[in-house]
Amino acid sequence: MRLITALALAAGMLLGGVGGVSAQELRVNEIGIESIEGNSKVDMFRPEKDQATIPRNFQKQPPLIPHSIKGYNITQNFNKCMDCHSKERADETGATKVAKSHYLDREDKKQANISPRRYFCMQCHVPQFDAKPLVANTYKPATKKGE
Amino acid sequence: MMSLDKFTPAWVKRIGLVTVLGLFVAGIVFWGGFNWALESTNKESFCISCHEMEENVFREYQNTVHYTNRTGVRATCPDCHVPKEWGPKMIRKIQASNEVLHKILGTIDTPEKFNAKRGQLAQNEWRRMKANDSQECRNCHRYDYMDYTEQGNRAAKQHPQAFTEGKTCIDCHKGIAHQLPAIDQHIGKQNDGAVAISHGEKPAEAAKEEEKPAAK
């Protein structure tokens with residue numbers, strides 16, 4: 001539990017920018033440690049606007065995020081994604097429900113609620129962008145069974 | 001002096017012209033001073049002169065759209081937290097004397113203490129905004145003037161629906177300016193028993209009863 005808490009804290013800080021650092025300020029956390037990123041522009045991107053869903057490239061690809069996620073933080077206190085995508089909220093908000101696989105713990109046992117290991121949505125789900133491949137390639141997704 | 005005497009009312013003669021003029025000037029000075037004091041305690045610089053505000057809520061707020069955005073129009077603390085109308089403003093200002101007491105007591109004078117109280121403080125403000133139909137939001141954001149075609153897909157869909165259901169801004173837009181307290185979202189055990197967030201489907205009071213200190 002303590003490890004999870006520590007992990008959650010660390011990742012929460014990374015994802016959420018806890019501590020309210022403005023874009024120009026040097027990143028220094030609460031205990032005075034300077035970020036190794038320095039003043040990198042890693043989170044100074046402009047989030048993509050809402051747009052139609054780009055089809056997935058291969059089977060079991062985590063679905064891409066078809067909407068802006070500007071200011072959507074995932075912290076220890078609150079997971080903004082789950083405010084709409086959790087099974088309790090999805091019907092009202094019209095958001096895609098979290099898949100069943102997210103309820104399995106690492107022993108593949110089904111839990112009543114979302115498994116904490118799935119807490120950080122953006123480990124797998126990223127905003128979609130129609131990026132052209134940097135290098136030409138002949139990648140083709142494996143065909144589905146029966147095709 | 002005779003002609004002026006004729007026009008002077010009896011009560012002025014009784015207390016004297018100089019006293020009347022003195023009272024008049026004192027009235028201006030008092031009312032002006034009152035308003036000046038009111039206005040100077042209604043500025044962001046006043047709010048963040050307390051480190052409790054400057055180091056916690058103000059810094060969090062600097063990452064949000066109400067502080068920095070494309071056009072540079074911004075809201076300051078009192079724009080959202082102090083009513084604009086005279087009556088409600090006076091009531092809020094008098095209630096704020098409690099905040100002065102807790103400043104002296106040092107109730108939230110460290111980040112740890114502040115975060116332990118965050119749930120309670122947030123709920124106070126949610127309750128206030130729910131009660132006045134998010135008046136401070138609506139001072140700038142008016143439903144009637146919203147152009148849904150300019151809004152994102154999700155906003156354009158949700159806004160008309162929520163207005164029809166009679167929801168108010170704060171029902172959905174919690175935590176847009178400051179970090180949220182621990183919220184029980186039924187994910188793992190981390191925030192089990194923390195504040196349950198309401199989206200307008202149940203009254204804020206019901207959510208309050210479920211509150212438990214989330215500090216671990």
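**Predicted two-chain model: architecture, confidence and contacts**

Chain B has a radius of gyration of 24 Å, whereas a compact globule of 216 residues would have one near 17 Å; the radius is taken over C-alpha atoms, and the globule rule is 2.2 Å times the number of residues to the power 0.38. Along the principal axes, the C-alpha atoms of chain B fill a box of roughly 90 × 45 × 35 Å. The model is a predicted one, in which local features need pLDDT of at least 70 and side-chain atom pairs count only at pLDDT 80 or more, while totals for chains, interfaces and linings use all residues. Residues are numbered from 1 along each chain as its sequence is written, and chains are lettered from A and ligands numbered from 1 in the order in which they are written.

The secondary structure of chain B consists of 13 helices and zero strands. Here helices (H or I, at least four residues) and strands (E, at least two) are DSSP runs, numbered from the N terminus. Chain A comprises three helices and zero strands, and its pattern along the sequence is α-α-α.

Of the 216 residues in chain B, 16% are buried; for the 147 residues in chain A, the buried share is 16%. Two residues are in contact if their C-beta atoms, placed from the backbone, lie within 7 Å. In chain B, 53% of the contacts with a separation of 6 or more join residues 24 or more positions apart. In chain A, among contacts between residues at least 6 apart in sequence, 46% join residues at least 24 apart.

The expected span of a helix is 1.5 Å times one less than its number of residues. Helix α3 of chain B (residues 17-40) has 24 residues and should therefore span 34 Å; its end C-alpha atoms are 34 Å apart, which agrees. The number of buried residues in α3(B) is zero, so this helix lies largely in the open. Helix α11 of chain B (residues 153-164), with 12 residues, should span 16 Å, and the 18 Å between its end C-alpha atoms agrees with this. After α11(B) comes B:G166, whose phi is positive, near 75°.

Most residues other than glycine have a negative phi. In chain A, A:D108 has a positive phi near 65° and is placed in the segment after α3 (87-93) of chain A. A:D108 is exposed because 7 other C-beta atoms lie within 10 Å. In chain B, B:D133 has a positive phi near 55° and lies in the loop between α9 (111-131) and α10 (135-138). With 13 other C-beta atoms within 10 Å, B:D133 is partly exposed.

Helix α4 of chain B (residues 44-47) contains B:F46. This residue is partly exposed, having 14 other C-beta atoms within 10 Å. When residues up to four places away in sequence are not counted, B:F46 touches B:S40 and B:T41. B:F46 and B:Q135 are separated by 89 residues in sequence and by 22 Å in space, C-alpha to C-alpha.

At the interface, 22 residues of chain A are in contact with 22 residues of chain B. The side of chain A that touches chain B has six nonpolar, 13 polar and three charged residues. In this classification, Ala, Val, Leu, Ile, Met, Phe, Trp, Tyr, Cys and Pro count as nonpolar, Asp, Glu, Lys and Arg as charged, and the others, Gly among them, as polar. The predictor gives the complex an ipTM of 0.73 and a pTM of 0.75.

Chain B has an average of 87, and 91% of its residues score at least 70. Within chain B, confidence is lowest in helix α13 (residues 204-209), with a mean of 42, and highest in helix α6 (residues 77-81), at 95. Over residues 203-216 of chain B, pLDDT stays under 50; the model has 24 contacts beyond four places in sequence for these residues. Chain A has a mean of 77, with 68% of its residues at 70 or more. Among the elements of chain A, helix α1 (residues 2-16) has the lowest mean (51) and helix α2 (residues 82-85) the highest (91). Where pLDDT is low, the predicted coordinates should not be read in detail.

Note on methods
pLDDT = per-residue confidence, 0-100. Buried ≥ 20, exposed ≤ 12 C-beta atoms within 10 Å, placed from the backbone.
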